[in-house]
Amino acid sequence: MQKIMVCLKRVVDYNVRVRVKADGSGVATEGVKMSINPFDEIALEEALRIKERGEAEEILVVSIGPTDAQQQLRTGLAMGADRAILVQVEEEIEPLTAARIFLALIEKEEPGLVITGKQAIDDDNSQTGQMLAALWNRPQATFASAVTLDGDKATVVREVDAGLETIEIDLPAVVTTDLRLNEPRYVKLPDIMKAKRKPLDNVGMADLGVEPRKQFQAVSFDSPSERQKGIIVEDVESLANALKQKGFF
Amino acid sequence: MSRILVVAEHDGSNINPSTAKTLSCAKDIGGDVDLVVFAKDGAALAEQLAALEGASRVLRVDREENEVPVAAIVAPQIVALASGYSHILGPSTTFGKDLMPRVAALLGVGQVSDIMEVVDAHTFKRPIYAGNCVLTIKADPAQTVVATARTASYQAAGESGSAPVEAIDVQVELPGHTRFVGIESGSSDRPDLQSARIVVSGGRALGSEENFSIIYSLADKMGAGVGASRAAVDAGYVPNDMQVGQTGKIIAPDLYFAIGISGAIQHLTGIKDAGTIVAINKDEEAPIFEVADIGLVGDLFQAVPELEKLLDS
């Protein structure tokens, strides 16, 4: 195929333990390390491998977010993507609006395949890929752990609660990635230098003809209720007794 | 008043327990609740649904194409039934997570993922940032609410109901672009992880696939389900369908054993609704001990067989 589009989200790094702001207005993200959403990194890796197998010619990475999201797109370019587009949006947008923006990009770019993560680790919504597939009126293969292309079809193994499900889909389609699909490569310094010369375009939502819609209002952000720390027992026998006392066994 | 449609999950012969939990979430919203099942022949499944307490009606949509409920095929049928409903709910399982956003987008609305608490008919609490934060959001009352229910937050509805069953004919064109090929189940005779009363999970400290046998052995002694941390899955000790945590399954057993699991926040988010948490770990600084009700600092390779033996006597 000609082109694969990969959607990347800039999120608080996986290793940061986020804290809720004292006034309940959000989570503290100032000065916190930001990264590509780990599932989206897996999505890009898969696209790169498809290209390296000679099954795609161009990898386009796209993101929606503030100017700083260029950093994550540059990282994507350093990993091996050919071109990047940032849809510059300062405010929070809902997944349905994100899907509409990606659809507008699809109509311009006409990719043969769109790959993105199964969820972003900030809002944990797990919606955008499915919504995009619905609006595009194309197949979705969510939670993918193996993707095999064959002409205008793809076979995708999906991680579902009951085990591994295999589906066959017609292309173009949207694939969302699960953890075990692959292990993303490390970025090497020369690639970071090279990435600086790769094209990164900035567009606005209005350029794409998308109006943000807001269906949901955030009322408050709260810390979760903490579990109480329990007891430490000395040995296995005390453990068994403690369980019996609680009415187990 | 709300009119709620709950989409049932099944494997062709049995209704998944996630459905009865989603029904409980729907009952918290309040109003009239209909259950709908999409199957090839849903007669027996509809019977099971009819017994769930709190449903006004059970809708049964039988079509050849519904033999395996693929999201792209089921979604347009839900959309065809949607008018008149204020809320459409599915479980926050891989079935519901795959399906419901597709339904929402086709209806032109957003989705509330993983409802953990209903504040009122349009205000909900849901976990974000791997459960590090609880977000309360208010949905525009003028629009249909499409949502998934975080099953670990809800008790299953009782089974002494007797709702009427209606067979419904849904005439809508279905896409042929998505075809089910097969499912390979890591299935065992062990209880299902998401509905088991007791779950035993192992972590990276097990060290190998072979060593995981002591986890299975303890679990079998107690009739427990078996889970694992992401680290154990990543290390290849067990298949991913056993993963408990942010990116795996969210569970709420009465009793949970975390064995050789350090307790990363991503794992804890999957077990915070467990009744009693037992941790066995040789590192006394492990964060799992911060949440465990009963902790044992020690070598799991000694402690686990010893515990199994003690349960015998």
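1. Two strands pair if DSSP finds at least two bridges between them. Helices (H or I, at least four residues) and strands (E, at least two) are DSSP runs, numbered from the N terminus. Strand S9 (residues 163–170) of chain A pairs with strand S11 (residues 178–185) of chain B. The sense is antiparallel, over 7 bridges. A:Glu168 stands opposite B:Arg179 in S11(B).

2. A note on the model. It is predicted: local features need pLDDT of at least 70, side-chain atom pairs count only at pLDDT 80 or more, and totals for chains, interfaces and linings use all residues. Residues are numbered from 1 along each chain as its sequence is written, while chains are lettered from A and ligands numbered from 1 in the order in which they are written.

3. Next, an open sheet. Its 6 strands follow the order S13(A)-S16(B)-S15(B)-S14(B)-S12(B)-S13(B), with parallel pairing. S13 (231–233) of chain A and S13 (225–228) of chain B each have a single partner strand, so one side of each lacks a neighbour in the sheet.

4. Strand S12 (residues 198–202) of chain B is joined to S13(B) by 4 bridges, and the two run parallel. B:Val200 has B:Val226 as its bridge partner in S13(B). Helix H5 (residues 213–222) of chain B packs on the sheet. H5 touches S12, S13 and strand S14 (255–259) of chain B. Contact means that C-beta atoms, placed from the backbone, lie within 7 Å.

5. Finally, the two chains together. In chain B, 69 residues are in contact with 65 residues of chain A.

Methods: Contact = placed C-beta atoms within 7 Å. Axes fitted to C-alpha atoms, helices over the stretch in contact; angles between N-to-C directions.
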